Amino acid sequence: MLIKVFFAISIVVAATFAFPTSGVVTAQTKPKQQQSVTYSCPMHPDFKSKKPGRCPKCGMTLRPDSPAPTPQPSPSPTAAATENYSFSSLQIPNVRVLDQNGRALDFYSDLIKGHNVAINFIFTTCTTVCPVLTATFRRVQSELEKSQPDVKLISISVDPTVDTPERLRDFAEKFKAGPGWTFVTGDKTEIDSLLQRLGAGVGNKNDHTSMILIGNDPADVWTRTYGLSSPTVLIKVISDTASRK
C-alpha cells in the first residue's frame, strides 16, 4: 500500500515540473519591441529617411510610413498631394526661352506676368511618366476651356539639348495641345537656371519631378500638387488658387 501511495506522489511531482503553469509562461514572455518609424516622399517612395524632412529630389515634405501616429495615404489618381509652398513670383527669372514654334520669349514677362498658370516638367523622349503628365494636362485644358479659359499651361523641357522647338511642336501636336499651352526649351544653361529657381532642378532628366507648380501671379499665390492626380482634382486646385485675392 505504501509503495502505491509513493508511486502516485512521484507521478504528481513529475507532472508539475514537466508542465509549468500559465503564470510561469506569461512571466517568461518577452515584451514586444517598439518598431521605428521611417519617412518617405509621396512622389518618390524609393527615398527613405529615419528622420522627418524634405525630399532631396522634389522638396516634398516627407511623410511617416506605416506604422505611424497619423498615417497619410499615398497620392492616387483621385487624390492630390498638395502642400503649402513658400514661393513667390519674385523668384521666377526672366530668362530667354523658345516655345514650340521657335519664338523667343522672356519667361516671366511673356508667360507668367498677370496670369494664372500651371507648370509641369517633361521631356519628349520619355516613355514613362511624361506621356501621362501631358495627357492629363490635355484633359485639364479641355475642361478649363469651359470654365477658366484664361488659365495658361506651360510644359518645360528638362532635356533642352535634345528637345528643340521642332520636337516640342511635334510632341504638342501628338497630344493635341490647344492655344494657351506653351512648351518651353532653350539654351541649356538658361533652362537649368530656370528649373533650379522653380524648385525642379535635376541632374538626371529621368529623375524630374511629377509635381506641377500652380500659380496666381496677380495675387502672388503659389502651390504645388501631384501631376498624376485626376484632371478633376487638378482643376479644383487650379481653380482654388486662381480664386485667391
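User: Let's start with burial: does F87 count as buried or exposed, and why?

Analyst: This is a predicted model, by the way. For burial you look at relative accessibility, and under 20% counts as buried. F87 comes out at 8%, so F87 counts as buried. W222 gets the same label because its relative accessibility is 5%.

User: What is the geometry between the rings of F87 and W222?

Analyst: For ring pairs you check the distance between centres and the angle between planes, and over 60 degrees counts as edge-to-face. In this pair the centres are 5.4 Å apart and the planes are at 75 degrees, so F87 and W222 are edge-to-face. The pair also ties together distant parts of the chain: F87 sits in the loop between β4 and β5, W222 sits in strand β11, and 135 residues separate them.

User: Which aromatic pair is stacked, then?

Analyst: W181 and F183 are a stacked pair, with 5.0 Å from centre to centre and 20 degrees between the planes. Both of these residues are buried. They also belong to an aromatic cluster, together with F137, F171 and F175.

User: W181 and F183 are in strand β9. How do I read the faces of a strand?

Analyst: In a regular strand, side chains alternate between the two faces of the sheet. Take β9, residues 181-184: W181 and F183 are on one side, T182 and V184 are on the other, and all four are buried, leaving both faces covered.

User: Which strand is joined to β9, and how do the two run?

Analyst: That's β8, residues 152-157, which runs parallel to β9 and is joined to it by four bridges. To follow the pairing residue by residue, look at I154, whose bridge partner in β9 is T182. To get from β8 to β9, the chain passes through helix α5, residues 165-174, in a right-handed β-α-β crossover. As for burial in β8, five of its six residues are buried.

User: What about the pairing of β7 with β8?

Analyst: Those strands are parallel too, with six bridges between them. Here N120 has S155 in β8 as its bridge partner.

User: Where is D163, and what does it touch?

Analyst: D163 lies in the loop between β8 and α5. Once neighbours within four places in sequence are set aside, its contacts are I122, F123, T124, S157, L168 and T185.

User: Last one: how do I read a helix? Which residues of α6 are buried?

Analyst: List the buried positions, then look down the axis. In α6, residues 188-197, the buried ones are I191, L194 and L195. They fall within an arc of 100 degrees, so they line one face of the helix. T189 and Q196, on the other side, are exposed.

User: What do the buried residues of α6 pack against?

Analyst: They pack against β5, α3, β7, β8 and β9.

User: And what happens at the ends of α6?

Analyst: D187 caps the N-terminal end, with a side-chain oxygen 3.0 Å from the backbone nitrogen of T189. Just after the helix, G199 has a positive phi of about 75 degrees.

Note on methods
Residues are numbered from 1 along each chain as its sequence is written. This is a predicted model: local features need pLDDT of at least 70, side-chain atom pairs count only at pLDDT 80 or more; totals for chains, interfaces and linings use all residues. Side-chain values use heavy atoms; hydrogens and water are left out. Buried means under 20% relative accessible area, exposed over 50%, partly exposed in between (1.4 Å probe, protein chains only). Two strands pair if DSSP finds at least two bridges between them. A crossover is right-handed if, with the strands pointing away from the viewer, the path from the first strand over the helix to the second runs clockwise. Contact means heavy atoms within 4.5 Å. The arc is that of the directions from the helix axis to the C-beta atoms. A polar contact is a pair of N or O atoms within 3.5 Å; within protein, one must be able to donate a hydrogen and the other to accept it, and residues adjacent in sequence count only if both atoms are side-chain atoms. Rings of Phe, Tyr and Trp (its six-membered ring) pair if their centres lie within 6.5 Å; planes under 30 degrees apart count as stacked, over 60 as edge-to-face and the rest as tilted.
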